[in-house]
Amino acid sequence: MAVLLTSLNHIISLSLTRFPCASSSFSSYAHKFFLYPSSSASIRRFNRFSLKPTRSFASMSSSSSAPDGAEAITTAPYGSWKSPITADTVSGASKRLGGTAVDSRGRLVLLESRPNESGRGVLVIQGDETTDITPKDFAVRTLTQEYGGGAFRISSDDKLVFSNYKDQRLYKQAITDKVSSPKPITPDYGEPAVTYADGVFDSCFNRYITVREDGRQERSNPITTIVEVNLNREALEEPKVLVSGNDFYAFPRLDPKCERLAWIEWSHPNMPWDKAELWVGYISEGGNIDKRVCVAGCDPKYTESPTEPKWSSRGELFFVTDRKNGFWNIHKWIESTNEVVSVYPLDGEFAKPLWVFGTNSYEIIECSEEKNIIACSYRQKGKSYLGIVDDSQGSCSLLDIPLTDFDSITLGNQCLYIEGASAVLPPSVARVTLDQHKMKALSSEIVWSSSPDVLKYKAFFSVPELIEFPTEVPGQNAYAYFYPPTNPLYNASMEEKPPLLVKSHGGPTAESRGSLNLNIQYWTSRGWAFVDVNYGGSTGYGREYRERLLRRWGIVDVDDCCGCAKYLVSSGKADVKRLCISGGSAGGYTTLASLAFRDVFKAGASLYGVADLKMLKDEGQKFESRYIDNLVGDEKDFYERSPINFVDKFSCPIILFQGLEDKVVTPDQSRKIYKALKEKGLPVALVEYEGEQHGFRKAENIKYTLEQQMVFFARVVGGFEVADDITPLKIDNFDT
């Protein structure tokens, strides 16, 4: 559920995410309608889009169009302010990044997901000119474990293998100066029942080793293995299974001599961040794995979740795990004694939860007999750091670059490519050149941006404040990012407090980040306060914080979101009569649970949210099929924490948004709660999008979702009129 909010994390921030997910994301991962239907139902179903354009910022009067403060500042109610950050700006400007790589010539290759092309994944190569290398009739994306990731890989001799979205087959393509035609390398099974992710080239046997999810026998319970795809033959053949027997696999990684394969595996009922194992298999002369050893995760003294194995040029195995101190730290395997040693112990997280394949949180940039130099990023109490670790000194030198929130790291030719963002920069890629000792940054420049023109709105950006607030448990705090209303052209009266939108992120095992999100700025630049809550159970704060949610989902997250809203009211930063909550996937569940079981919020918006926990358990895909057991508990808990079973407790307006092809949180979830709330007589509306899955990828759907939330909240709790020219959808039990 997470990724897709990870998936939307930077576009619609109501987060693939990652289950109810990311996320990301805010990934990860639309229509024909009638504005005034003759029917009283408030369901909107889309397959083609046609909506009246919003009023442009250029059409504003000259007295209010100078953000430098030279013109008069207007006093107007919160929520009614005009802003140049339109829904079109939010939905159309933000591309999502699905991974980076470097070819043999040192050119950066990126996977862009483009909302204006219905979310199509396109590989782009940067050279003298930026070139799309994915032909128009292909899209790079894998559906493995629903959330995907690790959809492509480039070899040292510029061979490209990628997963094609439509048929989920693997294709190979040569990276040349001209776009070449991809050729399939896996069989056509007549339907996309078999998916692949997170592969690596084996040059010794000319094969591609990858994770396969095979649903030919049972789509709801596919068999996951690590397989080899032969690259020698023209004739397609069934991939050969190399590793099997467990429920899940990730990160197959070969050593430099192609003699050892490392991988991560885990089994039900665990998620990979609960308990996992790192194995190394020794490759025989025939290419099989005849011997294997468990490196981490098998020692009963530790509960740990190893992730991201990586071999150095000298054949040393590094990985990240959270043994001993409960934080994901970088470790190294001493093969001769089968021991694990910490490279740089720190109460910080050097990795993220494994919602998507192919994450790359660190790179080994130099390796010798004396030392290893590792570029890495980590999180501590809501802040990101980029550093260079020297394991011989046990030291970490921090790098100062324009980005302040970091994701993946890719090693280039004499440089690093850093994916990240900041409070004023959207998701971007920075090229960082290091000094001769590889310990300091000589220079850095942004070479790719999800929203290249976004800086023209900088005067309207609300910069987040990291807040820490008390929870229901004495002595225990939670965290959030608070964004105050910000617009250089407006003030509100001294007597008025702003409306507050509380965002509950997806996952729920995920994390909100304090980086620029145009979705959030859409709200704050119109006079809303916005708070992005990292409730108990969020990542980035260590295992103990992450496990606060075990068997208490629907309690801890709800309490923390409500507690954060009340904290901001008591601090004088929000209007107690205009508190709203919104979230997607798991965040949608927290939204519905908050409205059902607490009396804090006056309205809510649920995006593909969970109303019935039992239905989620019964209909969920394999990856998360046991996740919910650990989060909820027994049958009584499932019943008592499902909002659908307590419709009588709802008392305020709700708007729902749902993709009709969602296999994580199925459309029946939104339909059931919509019907029940409508019959109860509460103001409610449901918007359904054809062609959308878990999270919205199409620009027109992202735009419509954002605008309709704004208008919905303004109408049902407002005290103001929105400045944008938006035609509201019909609200049942509200519009006559």
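This is a predicted model: local features need pLDDT of at least 70, side-chain atom pairs count only at pLDDT 80 or more; totals for chains, interfaces and linings use all residues.
User: Why are α5 and α6 called roughly perpendicular to each other?

Analyst: The axes of helix α5 (residues 556-570) and helix α6 (residues 586-597) cross at roughly 75°. Angles from 65 to 115 degrees count as roughly perpendicular, and the two helices are therefore given that name. Their axes come within 9 Å.

User: Which residues of α5 and α6 make the contact?

Analyst: On α5 they are D557, V558, C561 and C562, and on α6 they are Y589, T590, A593 and S594. Five of the residues in this contact are nonpolar, two are polar and one is charged.

User: What makes W528 and F720 an edge-to-face pair?

Analyst: Two values decide it. Ring centres have to lie within 6.5 Å for a pair, and planes over 60 degrees apart count as edge-to-face. The ring centres of W528 and F720 are 6.1 Å apart and the planes stand at 85°, so the pair is edge-to-face. The structure holds 32 aromatic pairs.

User: Why is the pair of W528 and F720 said to tie together parts that are apart in sequence?

Analyst: W528 is in the loop between α3 (518-524) and β35 (529-534), while F720 is in the segment after α11 (699-718), so the parts that the pair ties together are 192 residues apart in sequence.

User: How do you know whether W528 and F720 are buried or exposed?

Analyst: Buried means under 20% relative accessible area. W528 has 0% relative accessibility and so counts as buried. F720, with a relative accessible area of 9%, is buried because that value is under 20%.

User: What makes F712 and F713 an edge-to-face pair?

Analyst: Their ring centres are 6.0 Å apart and their planes are at 65°, which is over 60 degrees, so this pair is edge-to-face. F712 and F713 are both buried.

User: How do you know that the charged end of R216 sits over the ring of Y189?

Analyst: The distance part of the definition asks for a charge within 6 Å of the ring centre. The charged end of R216 is 4.2 Å from the centre of the Y189 ring, over which it sits. R546 lies over the face of W328, at 4.4 Å from the ring centre.

User: Why does G514 count as buried?

Analyst: G514 has 17% relative accessibility, which is under 20%, so it counts as buried. G514 lies in the loop between β34 (500-504) and α3. Not counting residues up to four places away in sequence, G514 touches A423, P464, Y481 and Y483.

How values were computed. Residues are numbered from 1 along each chain as its sequence is written. Side-chain values use heavy atoms; hydrogens and water are left out. Axes are lines fitted to C-alpha atoms, for helices over the stretch in contact, and angles run from 0 to 180 degrees between N-to-C directions. Helices (H or I, at least four residues) and strands (E, at least two) are DSSP runs, numbered from the N terminus. Angles under 35 degrees count as roughly parallel, over 145 as roughly antiparallel, 65 to 115 as roughly perpendicular and the rest as oblique. Contact means heavy atoms within 4.5 Å. Ala, Val, Leu, Ile, Met, Phe, Trp, Tyr, Cys and Pro count as nonpolar, Asp, Glu, Lys and Arg as charged, and the others, Gly among them, as polar. Rings of Phe, Tyr and Trp (its six-membered ring) pair if their centres lie within 6.5 Å; planes under 30 degrees apart count as stacked, over 60 as edge-to-face and the rest as tilted. Buried means under 20% relative accessible area, exposed over 50%, partly exposed in between (1.4 Å probe, protein chains only). A charge sits over a ring if NZ of Lys or CZ of Arg is within 6 Å of the ring centre and within 35 degrees of the ring normal.
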